[in-house]
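Subject: Structure handover

Hello,

Here is the structure you will be taking over. Please open it first, then read the notes below it.

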Amino acid sequence: MAGIATAVTHPLDPLTATEIEEAAAIIRRECAGMERLRFPLLMLEEPPKEEVYRFERGDPISRRARATLLNRADGTAYEAVVSLNERRITSWRSLKGAQPPILMEEFAAVDELVKNDERWRSALRRRGVTDFDMVQVDLWSVGDFPIEGIDPNRRLVRAASYLRHAPTDNGYAKPIENVVAIVDLNENRVLKILDGEVVPLPPESGNYDAASVGELRTDLKPLDIVQPEGPSFSIEGSLLSWQRWSMRVSMHPTDGLVLHQVAYDDGGERRSILYRAALSEMVVPYGDGTDAFHWRNAFDAGEYGMGRNMGSLTLGCDCLGEIRYLDTVVADDDGRPTLCRNVVCIHEEDYSILWKHLDLSTGSSEVRRSRRLVVSCIGTLGNYEYGFYWYFYQDGHMEFEIKLTGVIQTRALPPGTVDDYGTIVSTDLSGVHHQHIFNMRLDFDVDGTANSVVEVDTVALPPGEANPHLNAFGGRETLLETEQQAQRIIDPLKARYWKIINPGRLNRFGRPVAFKLLPEASSLMLASPDSRVARRARFAQRHLWVTPCHADEMHAAGDYPNQSTGEAGLSVWTAQDRDIVDTDVVVWHTFGVSHIVRPEDWPIMPVERVGFQLLPVGFFDRNPSLDVAPPQPACHTGADCAE
Ligand code: CO
């Protein structure tokens with residue numbers, strides 16, 4: 001079942017291996033003069049939405065690839081669009097002042113460069129570390145923190161070091177504190193080693209593998225998930241169908257998991273809900289004010305590439321039951337296709353009850369089991385894992401959840417000291433406070449492209465004629481009319497949510513059909529709006545943004561956050577204050593976790609969850625899941641408690 005599409009049958013199908021090879025060959029031919037040409041990004045150039053909507057099975061498909069290129073020889077970067085039908089570059093632009101994302105090869109290069117640097121070696125010797133091969137070197141994007149004597153226009157990264165006594169050790173147990181390397185990636189050279197105060201290595205191990213933890217639990221009995229007739233969904237190319245739901249699933253090198261054309265079949269009518277939904281950016285700012293740490297923050301999508309860091313999943317480990325996988329093909333740094341097996345996991349879960357009522361006068365009960373469809377994948381970004389899970393339910397609602405796990409960032413403390421910026425998790429080892437702030441780009445097309453967004457607050461009615469007993473309350477709706485007005489924050493005390501409505505299509509009760517975005521409670525970025533990281537992540541200062549749909553507005557912090565100085569993406573586009581009423585709107589939702597580390601997060605962090613829900617609100621005329629069959633005949637009648 002798992003397989004990789006070799007034939008393109010739909011305009012949104014991801015690039016095949018052959019198409020990646022062809023696109024790279026066309027670019028290499030045109031860029032023959034560039035000796036050290038690299039391919040930080042190479043992917044499908046998504047066709048215009050109108051073209052996709054017009055497409056019918058069997059129509060000719062115009063295929064284009066988009067590439068971000070880096071010429072290491074002079075540090076210049078470019079963006080190219082290639083027509084695969086015409087076999088030529090159709091668009092070319094210089095990315096002056098932008099730094100493409102970090103390449104996979106740069107991780108290995110930094111490790112080698114740093115370990116061979118005599119200044120770094122002597123800094124480590126000062127700390128009693130001499131077995132350099134056992135040091136774990138972590139690459140960090142530099143952001144835009146000025147580094148004395150170094151031109152910020154170079155292609156730079158920082159590197160921090162951790163000691164392992166055995167190759168499989170958890171290095172974060174032993175941070176080699178206050179040694180930071182600055183590396184120029186185009187020149188392949190360590191420019192500087194910052195060597196501060198010597199802090200002894202924390203004494204304890206942080207290993208969590210089965211062999212390290214001692215005796216394991218033995219009291220779990222087997223739990224098998226069996227679907228003897230196979231799963232209830234079908235996969236045809238990138239098209240996934242289950243129950244009334246259908247969608248296209250693909251992997252984007254920056255955004256990770258992308259869903260297109262999420263629709264619900266309502267009595268034979270295929271009703272559109274989302275045209276495209278994906279992570280647009282995320283940032284992990286650390287709250288440690290010290291010299292060796294304050295610069296740490298990661299824009300994991302734009303700087304490192306969420307899709308490029310997705311892992312291969314294993315049945316019985318990452319996923320359990322009757323699983324179907326999607327393989328992906330990504331372009332490597334040379335523009336060559338790489339096959340990644342079992343990246344997207346698709347399966348069904350029994351999810352408790354869907355609805356139930358016991359009629360007390362007759363004793364009869366109606367209950368239905370809830371089955372949900374899960375589409376998921378897991379990325380590893382340095383020390384952290386991010387699992388992305390979309391859930392689809394039979395009552396027409398969907399949910400997006402991110403599971404955060406992995407190993408926390410640590411700092412070694414001088415023996416016996418306390419830490420203002422973290423939680424002590426082991427002897428002389430601190431887990432540093434940080435946030436994970438995500439932004440999802442949700443291109444809603446609720447029953448068509450012309451949508452509006454309404455904010456709904458649940459509030460008490462003022463005392464008076466309409467509220468004589470002081471108990472009345474209701475939903476107060478505010479139409480968000482322009483981009484500036486639509487920069488909103490959550491308000492859990494008003495149970496605030498946002499409705500995406502189609503004013504041109506009314507339900508049976510005369511109200512516009514709608515889906516609502518139900519946010520969870522989460523803080524915004526805690527770093528000051530004047531801080532350097534906040535300037536680069538303005539999206540993290542509002543939970544909601546709404547823009548008119550533009551194909552070149554895809555990433556909340558801009559397309560190239562690596563080494564950006566800020567004010568790109570949402571803050572810039574929405575300064576135009578464009579009209580967002582009854583038009584093709586894109587909703588951008590910011591949410592996240594403010595992670596005051598717990599001792600229980602060490603040495604490996606149990607999954608923490610964060611996300612949001614999308615629920616139909618008058619999209620259907622009544623509960624759309626009445627036709628779900630009872631799981632078995634006995635479910636019709638209530639059991640007698642007296643028996
Ligand atoms: Co965290």
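In which strand is glutamine 261 found? Glutamine 261 is in strand S12, residues 256-266. Strands here are DSSP runs (E, at least two residues) and helices are DSSP runs too (H or I, at least four), numbered from the N terminus.

Two notes on the source. This is a predicted model, where local features need pLDDT of at least 70, side-chain atom pairs count only at pLDDT 80 or more, and totals for chains, interfaces and linings use all residues. Residues are numbered from 1 along each chain as its sequence is written, and side-chain values use heavy atoms, with hydrogens and water left out.

**Backbone**

Glutamine 261 has a positive phi, near 50 degrees, and is not a glycine. Its relative accessible area is 12%, so it is buried. (Buried means under 20% relative accessible area, exposed over 50%, partly exposed in between, with a 1.4 Å probe and protein chains only.)

Serine 352 also is not a glycine, and its phi is positive at about 60 degrees. It lies in strand S16, residues 337-358. At 43% relative accessibility, serine 352 is partly exposed.

There is a cis peptide bond between tryptophan 602 and proline 603, with omega about 5 degrees. Proline 603 sits in the loop between S29 and strand S30 (605-616).

**Metal site**

Four residues coordinate the cobalt ion: Tyr384 (OH), His434 (NE2), His436 (NE2) and His595 (ND1), at 1.9 to 2.0 Å. Donors are N, O and S atoms within 2.8 Å of the metal (3.2 Å for Na, K and Ca); water is not among the atoms, so sites may look incomplete. Along the chain, the donor spacing is Y-x49-H-x1-H-x158-H. Tyrosine 384 in strand S18 (residues 384-393) and histidine 595 in strand S29 (residues 583-595) are 211 residues apart, so this pair links distant parts of the chain. Tyrosine 384 is buried at 2% relative accessibility. Histidine 595 is buried too, at 3%.

**Helix H4**

Which residues of helix H4 (residues 118-125) are buried? They are Trp120, Ala123 and Leu124. These residues span an arc of only 95 degrees around the axis, which puts them on the same side of H4. The arc is that of the directions from the helix axis to the C-beta atoms. The buried residues of H4 pack against helix H3 (104-115) and several strands, including S5 (135-141) and S6 (156-163). Contact means heavy atoms within 4.5 Å.

Best wishes
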